[in-house]
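This report covers selected local features of one protein model. The sequence and coordinates are shown first, and the text then takes the features in turn.

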Amino acid sequence: MNQTASMLDGLLHEAGPLLLGLCSNALIGVYVIQDDHFVFVNARLAELFGYSQQQLCSGMGPRQLTAQRDQAMVRREIDSRIKGDSQSSHYAFRGVRQDGSELDVEVFGVSTRFGERPAIIGMLLDVSERSAAERAVKDQLQFITRLIDTIPNPVFYKDETGRYIGCNSAFEQYLGRPRSELIGHSVFDISPPDLAARYQAADQALFDSRGTQVYETQVVYGDGSRHEVMFYKATFDKADGSLGGLVGLMLDISERKRMEQAIWHEANYDALTGLPNLRLLRDSLAKELERARRMSSNLALLFIDLDRFKEVNDTLGHHMGDQLLKQAAERIRAVVRNSDIVSRQGGDEFVVILPDISDAQAAGLVAGKIIRLLGLPFLLGSNQVYVSASIGIALYPDDSTELETLVSFADQAMYAAKAAGRNGSSYFTPSLQVEAQRRQKVGNSLRLALRDNQFEAYYQPIVELASGRVVKAEALLRWHHPEQGVLLPGDFIAVAEEIGMIGDIGNLVFQQTLELIAAWPDGQVSVNISPRQFISGDCRHWLHEIAERQLPTGCLAVEITEGLLLDERPLVVNTLLGFHQAGVEVSIDDFGTGYSAMSYLKKFNIDYLKIDRSFIAGLSSDNTDHAITEAVIAMAHKLGMRVIAEGVETEAQRQLLLEAGCDYAQGYLFAYPMPRQDFLAFIRAGQC
């Protein structure tokens with residue numbers, strides 16, 4: 001007899017006490033069912049349902065202890081064992097106590113025979129607490145699942161091997177796959193190899209360290225497009241504390257990235273031409289200079305300024321000017337290499353960086369090509385327009401190794417090209433730096449001079465040749481420099497125009513001239529007006545101020561250059577017209593040295609022509625100068641204008657001018673420029 005048989009024999013021998021002990025169990029309900037009635041229940045089962053053992057075994061059966069909704073299921077389980085279809089069963093149902101309350105029970109039953117007839121013996125456990133806990137967990141899981149599914153951002157879960165174990169609806173929609181195609185798969189099954197490798201490496205790093213993880217990457221959308229996303233991931237543990245996996249959330253940052261890129265592009269690129277702007281230019285130049293240092297290579301910086309661009313803006317409008325700038329940008333890009341950088345610094349200025357340039361001559365060749373291409377006509381609507389370009393060239397490392405210095409040198413060279421006649425290029429030279437430093441020093445001194453009242457208007461008499469009387473004067477500016485003495489306008493006016501001080505200085509001369517006019521109402525004083533004063537509108541208030549002081553407008557005259565006559569901007573035209581209508585006479589200064597456009601003389605109602613001193617100097621010795629002077633006088637008289645000769649220094653010149661019919665003259669022959677009080681004393685003395 002083997003050991004198992006021996007144990008079974010022992011159990012059979014002790015069956016009575018064992019069965020009695022089992023039926024007396026205080027934790028488990030024990031029952032015997034025959035003919036659908038209880039033939040035995042232990043005290044625990046009776047207690048669970050609120051009955052006595054006698055009540056349950058007096059005709060009651062499982063039906064009376066089963067909730068209505070579970071009765072059919074319980075009936076099937078019992079019938080199956082009674083009929084012999086199954087030997088045993090395990091199921092749960094909702095029980096009903098005597099007081100009508102319900103409980104959750106779990107049954108383990110087996111088929112047997114009692115009194116030679118079929119019966120069922122089983123055990124019944126009260127699992128109400130466990131079922132309540134399971135329902136709470138299930139409810140909580142249902143809530144969490146529903147909550148996660150309503151999250152608009154994609155959420156996913158992975159096990160400790162990195163395989164997907166769940167996700168929300170947003171994740172399905174984002175990837176364009178149902179979760180059935182995701183669960184159980186790894187990133188290599190659903191993502192491109194390059195992205196999958198990155199995902200897997202990031203997951204493993206998170207598993208190794210546990211905790212949280214945030215990083216940016218890309219995800220392939222359902223339509224195949226790649227989107228920029230931010231991953232927020234965290235590990236979770238199993239009940240035993242071991243690694244369970246990770247949960248992740250994706251935030252699509254594609255729009256934010258596009259906005260950041262748009263903002264960056266707007267901050268670094270010119271909206272009109274699409275070229276890098278000054279900010280990006282400096283960043284690029286810094287990188288190229290650093291590269292040139294490492295590679296011991298050369299670099300050239302080209303500053304390009306379009307000549308006469310303002311004329312296009314003023315005559316055709318800013319829209320056409322913008323079209324010209326766009327075409328100019330395309331032409332410059334067409335000349336340079338792909339590795340070169342073309343930038344628009346602002347206005348009509350462009351900058352080109354030429355890295356790895358062989359030498360200065362190569363940079364000059366590029367500049368020459370740009371000048372020739374920009375010199376070709378521009379078609380703006382139905383208008384064919386011509387401009388030119390002035391280009392300054394600075395070289396690394398020959399001229400400088402510092403960014404700011406190199407930029408300054410190229411800028412100075414560009415101004416030198418303009419000063420040389422435009423439509424050309426100029427290399428930086430040390431003398432340009434000296435001149436730039438001089439201009440800067442003069443500019444600083446000019447600001448101090450204006451603050452400290454160092455400017456004074458001097459007045460040079462203008463004589464009526466026929467009578468010899470002083471009837472006019474020209475206001476000439478003098479600067480009482482504390483170190484250099486008295487300076488003439490030629491020493492500083494150009495700088496004043498560059499730094500935007502000419503308007504303030506011009507107004508100062510005008511104010512001082514009004515004081516002279518108030519003391520000399522019988523005469524006329526002319527004031528020079530810079531083209532920039534017209535363009536900026538700095539002199540438009542003069543007529544109003546003359547009226548406020550109740551001075552005759554005929555006591556004031558203005559002198560302009562010939563070039564201003566070619567400026568057809570409304571501000572210039574209207575200001576000149578306003579002077580004429582108010583009785584302020586207009587003189588053309590240095591006539592014959594600029595753009596002598598005769599048709600404009602009549603158009604703008606010019607009152608005086610001032611013959612330049614260069615013609616007067618050769619009046620008695622050069623037949624050509626003599627002929628030109630006579631011709632100008634005759635032409636002016638034919639047009640109803642009077643003539644003033646400048647720079648008269650000899651009696652012979654005065655006599656020839658008188659014979660030619662010249663109206664007025666000024667020069668050292670009559671008097672030098674003098675301060676206001678000296679001029680008034682000169683007038684009162686009647687000297688000439």
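The model is a predicted one, and local features are taken from it only where pLDDT is at least 70.

Strand E1 spans residues 29-34 and is mostly covered, with six of its six residues buried. Its side chains divide between two directions: Gly29, Tyr31 and Ile33 point one way, while Val30, Val32 and Gln34 point the other way. Both groups are buried.

E1 and E2 form a hairpin with two residues between the strands. In this hairpin Asp35 takes a positive phi near 55°.

**Asp104**

Asp104 lies in strand E4, which covers residues 102-114. Is Asp104 buried or exposed? Its relative accessible area is 9%; the cut-off for buried is under 20%, so Asp104 counts as buried.

The side chain of Asp104 makes polar contacts with two arginine side chains, that of Arg94 at 2.5 Å and that of Arg135 at 3.1 Å. Leaving aside residues up to four places away in sequence, Asp104 touches Phe93, Arg94, Leu125, Asp126, Val127, Ser128, Ser131 and Arg135. Both arginines of the polar contacts, Arg94 and Arg135, are therefore also in this list of touching residues.

**Helices H15 and H16**

Two packed helices are described by the angle between their axes and the distance between the axes. For helix H15 (residues 403-419) and helix H16 (residues 430-451), the angle is about 90° and the axes are 10 Å apart. Angles of 65 to 115 degrees count as roughly perpendicular, so H15 and H16 are described as roughly perpendicular to each other.

Which residues of H15 and H16 meet? From H15 they are Phe409, Gln412, Ala413 and Ala416, and from H16 they are Leu432, Gln433 and Ala436. By class, this contact has five nonpolar and two polar residues, and no charged residues.

Methods. Residues are numbered from 1 along each chain as its sequence is written. This is a predicted model: local features need pLDDT of at least 70, side-chain atom pairs count only at pLDDT 80 or more; totals for chains, interfaces and linings use all residues. Side-chain values use heavy atoms; hydrogens and water are left out. Helices (H or I, at least four residues) and strands (E, at least two) are DSSP runs, numbered from the N terminus. Buried means under 20% relative accessible area, exposed over 50%, partly exposed in between (1.4 Å probe, protein chains only). A polar contact is a pair of N or O atoms within 3.5 Å; within protein, one must be able to donate a hydrogen and the other to accept it, and residues adjacent in sequence count only if both atoms are side-chain atoms. Contact means heavy atoms within 4.5 Å. Axes are lines fitted to C-alpha atoms, for helices over the stretch in contact, and angles run from 0 to 180 degrees between N-to-C directions. Angles under 35 degrees count as roughly parallel, over 145 as roughly antiparallel, 65 to 115 as roughly perpendicular and the rest as oblique. Ala, Val, Leu, Ile, Met, Phe, Trp, Tyr, Cys and Pro count as nonpolar, Asp, Glu, Lys and Arg as charged, and the others, Gly among them, as polar. Two strands pair if DSSP finds at least two bridges between them.
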